[in-house]
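Please examine the sequence and the three-dimensional structure shown below.

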Amino acid sequence: MAERTATIASRVGLHARPAAIFAEAAGDLDLEVTIALEGEPADEALDASSILSLMGLGAEYGTTVVLRADGEGAEAALDRLVAILETDHDAE
């Protein structure tokens, strides 16, 4: 299983627009991707393609999250998703 950590860069955290951008990108993948706050057990991770799960995660600016995926192309997919989380979409 591939795993990456990312630090939330959007000033409003993983809410509204940043969550929608991330959820859409995760949903477009042929992989199941999960997200959890750093330090939380893997079995409590949430579906990364669910905007409601993302907003309920409570990930604020500067929070570190863990992304996990399994399958062909998981490493590259997680790299792309980390780049989305580490971009301040509110500054665009």
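Which residues does histidine 89 touch, not counting residues up to four places away in sequence? In this predicted model, histidine 89 touches Ser10, Arg17, Pro18, Ile21 and Ile84. Histidine 89 is found in the segment after helix α3, and with a relative accessible area of 8% it is buried, because a residue counts as buried under 20%. Two polar contacts involve this residue. The side chain of histidine 89 reaches the backbone oxygen of isoleucine 84 at 2.8 Å. The backbone nitrogen of histidine 89, in turn, lies 3.2 Å from a polar atom of the side chain of serine 10.

Serine 10 belongs to the loop between β1 and α1. Its relative accessible area is 2%, so serine 10 is buried. Leaving aside residues up to four places away in sequence, serine 10 touches Pro18, Tyr61, Leu85, Thr87, Asp88, His89 and Asp90.

The next topic is the sheet. Four strands form an open sheet in the order β1-β4-β2-β3, with antiparallel pairing. Its edge strands are β1, residues 2-7, and β3, residues 46-47, each of which pairs on one side only. Helix α3, residues 74-85, packs on the sheet and touches β1, β2 and β4. The direction of α3 makes about 10 degrees with that of β1.

The pairings can now be followed along the order of the sheet. β1 and β4 pair in the antiparallel sense over six bridges. One of the residues involved is alanine 6, whose bridge partner in β4 is valine 65. Strand β4, residues 64-69, is also joined to strand β2, residues 33-37, by five bridges, and these two strands run antiparallel. Here the bridge partner of threonine 34 is arginine 68 in β4. Finally, β2 and β3 pair in the antiparallel sense over two bridges, and isoleucine 35 has leucine 46 in β3 as its bridge partner.

How many of the residues of β2 are buried? Four of its five residues are buried, so β2 is largely enclosed by the rest of the structure. Strand β4 is mostly covered, with five of its six residues buried.

Not counting residues up to four places away in sequence, alanine 6 touches Thr63, Thr64, Val65, Val82, Leu85 and Glu86. The chain also brings alanine 6 and isoleucine 84 to 9.3 Å from each other, C-alpha to C-alpha, although they are 78 residues apart in sequence.

The helices come next. Two packed helices are described by the angle between their axes and the distance between the axes. The axes of helix α1, residues 16-27, and α3 come within 10 Å and cross at roughly 170 degrees. Angles over 145 degrees count as roughly antiparallel, and therefore α1 is roughly antiparallel to α3.

Which residues of α1 meet α3? On the α1 side they are Ile21, Phe22, Ala25 and Ala26, and in α3 they meet Leu81, Ile84 and Leu85. By class, this contact of α1 with α3 has seven nonpolar, no polar and no charged residues.

One backbone detail in helix α1 remains. Most residues other than glycine have a negative phi. Alanine 16, which lies in helix α1, has a phi near 45 degrees, a positive value in a residue other than glycine. Is alanine 16 buried or partly exposed? Its relative accessible area is 49%, so alanine 16 is partly exposed.

How values were computed: Residues numbered from 1 in each chain as written. Predicted model: local features only at pLDDT ≥ 70, side-chain atom pairs only at ≥ 80, totals over all residues. Heavy atoms only, no water. Pairing = 2+ DSSP bridges. Contact = heavy atoms within 4.5 Å. Axes fitted to C-alpha atoms, helices over the stretch in contact; angles between N-to-C directions. Parallel < 35°, antiparallel > 145°, perpendicular 65-115°, else oblique. Nonpolar A, V, L, I, M, F, W, Y, C, P; charged D, E, K, R; others polar. Buried < 20%, exposed > 50% of the residue type's maximum accessible area, 1.4 Å probe, protein only. Polar contact = N/O pair within 3.5 Å; in protein donor to acceptor, adjacent residues only side chain to side chain.
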